[in-house]
Each structure stands twice: as C-alpha cells, then as structure tokens.
Amino acid sequence: MSREVLILREPEIRALLDPRACISAMEQAFAAYSTGQAQLPAVIHLDIPESNVWQKRGEIHVKAGYLHGGRYYAIKIVSGFPSNPQLGLPANDGMVVMFEAKTGAPAAFLLDNGFITDFRTGAAGAVAAKYLARKKIAAVAVIGTGGQARYQMEMLARERSFSQVRIWGRDPHKAQACADALAKSRVIPACNFVVTESVQEAVEDAQIVITVTASREPLLRAAWLKPGVTVIAVGSDAPDKQELAVDVLARAHKIVADSLAQCLRLGEIHHAVKRGAITKEKIYAELGEITAGLKPGRTSEDEIIVCDLTGVGVQDVAAASLVLEWHS
C-alpha cells in the first residue's frame, strides 16, 4: 500500500505557526509532561570537535516526545555551529520528523532549519513570564544578541507590556543590530531599546531578565538582582553551559524547572546542585505543575524566581503538531 509523506520547508512552516497558538500549546505540553500525560526520553547530545573553528565547536541535540492522545509523535534533530556565519552559513539548522502514533508510519518531514526550536523556545519563555513574572513590568533585560533574543522578546510582548529593553552582548555591534531589529518589530509596541556596556547595567532594576547565550561561564550575579525579578534562563542546554552564577539560584525564593529530571543533568539547576549551592529539594516545581494548576506561580511581588528552561521534546511535538493541524 502506497503512502505519502508530507514535506514542508521553513517558509511554509513560518506561515503556519501562530504565536498565540504556540504559547497555548506550550502551556498544555508542559502540563501534560508534569502530570504523566506525555513521554519524553533523555536528550541525545553530540559534540563535533572537528568543527571547532575560532574556539567554537558544533553541537547536535536529538529530542523526542509524545503527548498521550495525540495523533503524532516527533523526533527532532537540531544543530548549532556558532562559527558558521563567518563561513557564510546559518548558525542553526535541523528538522523535525513526525510519525503517526497509531502505526508508527512517517507522516511528515519538517525541514525547518531550526525555526520550530527557536519559535517554541520563545513561546516557552512567554509561558514562564505569564505565570512567574509580576503583572506590571517596566524594564526587561536580555543577555544575548542572537535570533533567540528576538523570539523571546516578541513572544514576551504577547504576555506583558514593557517600556524599556536593555540588551547586552559580548559584541556591541551585534547587540546594536539586535536592538535595531527589535525596534522594527511590529509585535512590540513603542519601547526604548538600550545597549548596555555590562550585564550588571542591563539587569539592575529590571523586572524580567532573560539569558539566551551559549556561555560556558556565569554571566549573571545574585547581587545585581532586585526583589521581584523573574530570571528566565534559556541558554544552558548542555552540561557544560552556564549563564547564572550558582548564588542566583541560592538567593531565589522559587526555582522552577521545565523538566526536573533533565535540569538535574544539565542546565542552571545542575550546576547549583553539583556545587552544593542548593539541594534538589529547593526546586519549587516544574513549569507544567504550575500551568496545570497544581501549584501557584508568583504569589508575592517581592519573590525572586528563577525558571530553568533546558528545552523538552514535548515542546517540539506540540509545535510541530500545530503545523500539521493548520496545514490540513
């Protein structure tokens, strides 16, 4: 019996993924994972030392997920080669393969060049802000200048209003380019975009701090944070990556993980537990426990809350399923 497998490329996928629908899908996916209604195997991480050009090696992540009752399960392969732009190539690439849950038959190849990962990660940041950030926001700090910095801000704008964004990056030219791109965004209302000379300058007095770098050494210090701040840490998706000093987690009133089991192996929680700054018992909740209504999110204006987003496969299957739903 012949069967057709759908093939979609990045422009088609971009046209099909709606931001608000994706944010809602992430809420539901996190809830499903934390309530036992999803399956999520461990991440496969692969480093490519031969690609270590200009001291930046390539890496590949393989993630998979299935939401119980869903039509599809997904396997995603995504790569990050930071030196590629110097070679005239995109830094990120990848694809998502969808399979029919009833038969295991391939249903679609989504040749998204990493777009689904970027989009659903931005949506996850918006979910974290929805439940963990203060209602009134004046300033947001963004540590990092790549594409994910822009996705995070454009998704955040759908959950919170803010009047200033402070951007820090190691390369001030890239930071300015990021600020200029955000200033042209139709999603973000009238806002003042400022490039800062230091991380400390960016984060002081900010109500939301979003870290989106590939740093392998801490960038953010606890002493710089004011009461009521929400820190959304996105970049530490491998055991050797770290954006937050462990004293940030030690000072936090609440620590939230996207997947506790995964965050104990990698991410900011992994470093803080390994260094003895916190015990795993200090982890307040998984984000899905909060979106499912099992635990409250922010309960005080003065709480310092850290959310460790390492990226889970149920996000990919939820976002990719949206693509197929809208395509049909």
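User: Which strands does helix α3 lie across?

Analyst: Helix α3 (residues 115-132) lies across β11, β13, β15 and β17, at about 160 degrees to β13. Contact means heavy atoms within 4.5 Å. Axes are lines fitted to C-alpha atoms, for helices over the stretch in contact, and angles run from 0 to 180 degrees between N-to-C directions. Helices (H or I, at least four residues) and strands (E, at least two) are DSSP runs, numbered from the N terminus. This is a predicted model: local features need pLDDT of at least 70, side-chain atom pairs count only at pLDDT 80 or more, and totals for chains, interfaces and linings use all residues. Residues are numbered from 1 along each chain as its sequence is written, and side-chain values use heavy atoms, without hydrogens and water.

User: Is α3 largely enclosed or open, and why?

Analyst: Buried means under 20% relative accessible area, exposed over 50%, partly exposed in between (1.4 Å probe, protein chains only). In α3, 16 of the 18 residues are buried, so the helix is largely enclosed by the rest of the structure.

User: What is the strand order in the open sheet of eight strands?

Analyst: Strands of a sheet pair through backbone hydrogen bonds, either parallel or antiparallel. Two strands pair if DSSP finds at least two bridges between them. Here the order is β10-β9-β8-β11-β13-β17-β15-β16, with parallel pairing. The edge strands, β10 (192-195) and β16 (283-286), each pair on one side only. From one strand to the next, the twist averages 20 degrees.

User: How many bridges join β11 and β13?

Analyst: Four bridges join β11 (residues 208-211) and β13 (residues 230-233), in the parallel sense. Ile-210 stands opposite Ile-232 in β13.
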